[in-house]
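Hi,

Here is the structure I promised to pass along. Have a look at it first, and then read on for my notes.

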Amino acid sequence: MNQRGALWDRLSLNIDAHLKEREEALQEIREGLEDDVVADKDKLMLQKQICGTTLSKELGDSRINRFISKDVDNHVVECSVEEVVRKHYLDNEGFNNAVHAEGSIWHTVLGLLFYDIIFDLNVKNVWLSEVQTNPIDLNSRDLYEDRRERFEERFTWLQTATDEELADAVRITWVSQHSLETSEINWSLFEDVGDFLVSFRFSLLTLLE
């Protein structure tokens, strides 16, 4: 699995946070951004280090927002901004279920619709150990290149598939692979495949456009 981006990220953070060498840390970030092996998503992670807001008190004016809410027992508790938003939709917008999972939901959609392609055991040189949960090219450009034809066929199918056909495809993967560990599907987000399907008011095809 391509961990090069994570290594650049950790190196720059260590230099900045522990050695207090900010200029050197920025140089490491620049080199990481120019590294052709680093995946695009990891380059975005490195860019955030340059553009992000610093919260350390000794580095200038800063503010950390804290939020409070009431729990199920009506106790006032501190919570995250994500929980405030989640409760707003449940209490005021007519929703009966809400989760905060960063990009995990989208990874789950991708994993359910492309599971047989991403985790194809017949792809050469990506399965090196019986204990692997993901192919080693999962976070690299090779994931698509090594499976280009099958990905393109699936993309074409998605453009014309009906909602019921999409739901059937999701059910097949859910039933056959449920609870198998993989970084692409978070099985704990939804109680069952029915919960997953009804959680979206729009069709899966609309969400993927």
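This is a predicted model: local features need pLDDT of at least 70, side-chain atom pairs count only at pLDDT 80 or more; totals for chains, interfaces and linings use all residues.

Let me begin with helix α8, which runs over residues 163–177. Its 15 residues reach 21 Å from the first C-alpha to the last, close to the 21 Å expected at 1.5 Å a residue. Leu 166, Ala 167, Val 170, Thr 173, Trp 174 and Gln 177 are buried in this helix. These residues lie on the same side of α8, because they cover an arc of only 130° around the axis. Ile 172 and Val 175, on the other side of α8, are exposed. Just after the helix comes Ser 179, with a positive phi of about 75°.

Now to the rings. The count comes to eight aromatic pairs. One of them joins Phe 151 and Phe 155, whose centres are 6.0 Å apart with 20° between the planes. That pair counts as stacked, because stacking calls for planes under 30 degrees apart.

Both Phe 151 and Phe 155 belong to helix α7 (residues 148–160), where they sit four residues apart, about one turn of the helix. Residues three or four places apart point the same way, because an α-helix has 3.6 residues a turn. Phe 151 is buried, at 6% relative accessible area, whereas Phe 155 is partly exposed, at 34%.

Ring pairs also tie Phe 151 and Phe 155 into a cluster with Phe 114 and Tyr 144.

Best wishes

Key:
Residues are numbered from 1 along each chain as its sequence is written. Side-chain values use heavy atoms; hydrogens and water are left out. Helices (H or I, at least four residues) and strands (E, at least two) are DSSP runs, numbered from the N terminus. The expected span of a helix is 1.5 Å times one less than its number of residues. Buried means under 20% relative accessible area, exposed over 50%, partly exposed in between (1.4 Å probe, protein chains only). The arc is that of the directions from the helix axis to the C-beta atoms. Rings of Phe, Tyr and Trp (its six-membered ring) pair if their centres lie within 6.5 Å; planes under 30 degrees apart count as stacked, over 60 as edge-to-face and the rest as tilted.
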